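Here is a short briefing for a reader who is new to this structure. Take a look at the sequence and the model first.

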Amino acid sequence: MRHAQGGGLTDAGRAARERVRLQAVERFEDGQRNREIAGALRVSERSVERWRRQWRERGEAGVLSKASPGRPRLSHLQIARLERELERGPLVHGWADQRWTLARIKTLIGRLFHVSYTVEGTWLLLKRHGWSWQQPARRAIERDDAAVEGVEEGDVAAGKSMAAACDGWIVFEDEAGQSMTPPRARSWGRRGRTPVVRVRGRGSGRVSMAGLTCYKPGKRSRMFYAVREYRGRKGEPKGIGWRDLLVRAHIQLGGPIVLVWDNLRMHLVEPMRQFIADHADWLTVFQLPSHSPDLNPQEGIWSLVKRDIGNFAAADLGQITRAVKRRLKQIQYRPDLVDGCLTGTGLSTDD
């Protein structure tokens, strides 16, 4: 196999320069100053000024150096095929886990097209075609993607029509919990030494949270929540009183509710079904497909809460409860955050 030379993919020096310029473009987009970029990338400030001028005039292509003569890169058809194969995932191509690394993509290119790229050349190829190193989203293997794709055209669309007809609100429900062990969050540390977060080994219990995110075209988005501590004592209830939370939301919203939630067992028990039937004059319920939490904006609220308590070394369960309540109260007064959680699902409440 011959090495592809288009764009200097076999020239380590040129590839390194291209990589530095791409990193500079990313920092331009983040609004960093020339001096900061020059120091971080170990280049002259004059070079950064020149790259920024080229970036303003012609975008990313203006910053990248021109390809050296030689064998061209993969054709557009080959790139399209490569992207399709990457989207199928590593499992399909024989790897045991689901991580696309540069080495694996380099191997895949060789298998598909009998062309050898360097690792740095593979990095440049991916960057130029809109790929980046990302934290993947989790999805359950049991998830029915066909059902999820039809949500907007199906249940949620019907829910929006019903809410508009009765001048009501679309309300998404979800619950979460937090133990004494805090979520892990990214932290700076010396290279080669993993940062250590110390948490208390003693203490038990759990903070249960329930929330409702509420949307209506032309109205400010709302969010309601309930928090309860569970310490494992005899006769102590574990869950949240959903009926009380729904009634409170109905009173404060001042209109009918079209409730969207998942297929959790407690949502399907007979007392809850009876409650829904008894309040059919203002409450209508739609079920989300199984294993699809990414369609529920309330999941985004929990993500914001747990991000705030990442690496939190609480002295007792009450301290976690206070931190959770404080963050939820802050979110309540930030309708832009509640709207952002809906946008993150890909759904909307627009007609």
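The points below go from the whole protein to single elements and residues.

This is a predicted model. The protein has 351 residues, and 39% of them count as buried. Its secondary structure comes to 15 helices and five strands.

**Overall picture**

- Take the contacts between residues at least 6 apart in sequence: 70% of them join residues at least 24 apart.
- The protein exposes about 21200 Å². Carbon and sulfur atoms supply 48% of that area.

**Helix α2**

- Helix α2 spans residues 34–41, and its buried residues are N34, I37, A38 and L41.
- These residues cover an arc of only 100 degrees around the axis, which puts them on the same side of α2.
- The face of α2 turned away from the buried side carries R35 and G39, which are exposed.
- R42 follows α2, and its phi is positive, near 60 degrees.

- Strand β4 covers residues 257–261. Five of its five residues are buried, so β4 is largely enclosed by the rest of the structure.
- I257, L259 and W261 point one way from β4, while V258 and V260 point the other way. All of them are buried.
- Strand β1 (residues 169–178) pairs with β4 in the parallel sense, over four bridges. Here V171 stands opposite L259 of β4.
- Strand β5 (residues 283–287) also runs parallel to β4, and five bridges join the two. In this pairing W261 stands opposite Q287 of β5.

**Aromatic pairs**

- A search of the whole structure finds two aromatic pairs.
- F28 and W55 form a tilted pair, with 5.4 Å centre to centre and 40 degrees between the planes.
- This pair links distant parts of the chain: F28 sits in helix α1 (residues 12–29) and W55 in helix α3 (residues 45–58), 27 residues apart.
- F28 counts as buried because its relative accessibility is 4%, under the 20% cut-off. W55, at 23%, counts as partly exposed.
- F172 and Y215 form an edge-to-face pair, with 6.2 Å centre to centre and 70 degrees between the planes.
- F172 lies in strand β1 and Y215 in strand β2 (residues 206–215), so this pair ties together parts that are 43 residues apart in sequence.
- F172 counts as buried at 1% relative accessibility. Y215 counts as buried at 2%.

**A closer look at Q298**

- Q298 is placed in helix α13, which covers residues 297–308.
- Is Q298 buried or exposed? At 0% relative accessibility, Q298 counts as buried.
- Which residues does Q298 touch, not counting those up to four places away in sequence? They are F172, E173, D174, G211, L212, T213 and M223.
- F172, one of these contacts, is also a member of the edge-to-face pair with Y215.
- A polar atom of the Q298 side chain lies 3.4 Å from the backbone nitrogen of T213.

Notes
Residues numbered from 1 in each chain as written. Predicted model: local features only at pLDDT ≥ 70, side-chain atom pairs only at ≥ 80, totals over all residues. Heavy atoms only, no water. Buried < 20%, exposed > 50% of the residue type's maximum accessible area, 1.4 Å probe, protein only. Polar contact = N/O pair within 3.5 Å; in protein donor to acceptor, adjacent residues only side chain to side chain. Contact = heavy atoms within 4.5 Å. Areas by Shrake-Rupley, 256 points an atom, 1.4 Å probe, with all protein chains shown as cover. Arc of directions from axis to C-beta. Pairing = 2+ DSSP bridges. Phe/Tyr/Trp six-rings, centres within 6.5 Å; stacked < 30°, edge-to-face > 60°.
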